[in-house]
Amino acid sequence: MTGTELENKTVEEVLNEVSKHSPAIRNNGGGHYNHSLFWKILSPQPKLVPDGKLLEAINNSFGSLEQLKEEINKAGLGQFGSGWAWLLVKYNGSLMVSSTPNQDNPLMDTSIISRGFPLLGVDVWEHAYYLKYQNKRADYLNAFWSLLDWSAVEKVYAEVLQKIK
Ligand SMILES: [Fe+2]
């Protein structure tokens with residue numbers, strides 16, 4: 001964050017102690033981080049199924065990839081108003097599905113129950129889908145899976161495993 005007292009910190013470091021900062025930092029820092037991740041994991045030519053360590057972890061935590069997708073769809077549909085649905089890695093290494101309001105995310109120290117490292121996030125702000133899907137958030141969530149590039153998520157997972165080991 002150039003030109004501020006936070007100049008020498010990464011966005012992850014700032015979000016990690018976001019409770020010390022203003023709502024503007026929480027909202028804009030979160031929005032920047034969340035959308036950066038979102039654009040990185042979407043692709044016109046996605047890898048539609050994960051493999052390796054990530055698939056293993058998904059199967060261990062959720063039973064199957066289909067079950068994980070259902071849980072994320074449910075989290076996205078259940079998020080009242082604007083927000084995000086997440087697959088994250090908790091500090092203890094386990095996977096979890098959650099949702100957060102506004103531009104919050106699991107990195108933030110304000111996310112008590114679902115704190116950890118995001119692997120994938122789905123934007124469920126109305127601006128993400130109303131032009132094409134109007135109010136049909138469920139249709140948008142289903143379409144999301146045909147653009148999600150699991151190879152990008154596998155890369156994020158490998159980076160997270162480095163951080164928590
Ligand atoms: Fe958005």
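P106 touches W86, L88, S111, S114, R115, G116 and P118, leaving aside residues up to four places away in sequence; contact means heavy atoms within 4.5 Å. This is a predicted model: local features need pLDDT of at least 70, side-chain atom pairs count only at pLDDT 80 or more, and totals for chains, interfaces and linings use all residues. Residues are numbered from 1 along each chain as its sequence is written, and side-chain values use heavy atoms, with hydrogens and water left out.

**P106**
- The loop between β2 (95-101) and β3 (116-123) holds P106; strands are DSSP runs of E, at least two residues, numbered from the N terminus.
- P106 has a relative accessible area of 0%, so it is buried (under 20%; exposed is over 50%, partly exposed in between; 1.4 Å probe, protein chains only).
- P106 and F117 are eleven residues apart in sequence, and 6.3 Å apart C-alpha to C-alpha.

**Iron site**
- H35 (NE2), D123 (OD) and H127 (NE2) are the protein donors of the iron ion, at 1.9 to 2.1 Å.
- Donors are N, O and S atoms within 2.8 Å of the metal (3.2 Å for Na, K and Ca); water is not among the atoms, so sites may look incomplete.
- The donor spacing in sequence is H-x87-D-x3-H.
- D123 is buried at 2% relative accessibility, whereas H127 is partly exposed at 45%.

**Aromatic rings**
- The whole structure contains nine aromatic pairs (Phe, Tyr and Trp rings, the six-membered one for Trp, with centres within 6.5 Å).
- F144 and W145 form an edge-to-face pair, because their planes stand at 75°, with centres 5.0 Å apart (edge-to-face is over 60 degrees, stacked under 30, tilted the rest).
- Both F144 and W145 are buried.
- Ring pairs join F38, W39, W84, W86, F144, W145 and W150 into a cluster.

Key: Helices (H or I, at least four residues) and strands (E, at least two) are DSSP runs, numbered from the N terminus.
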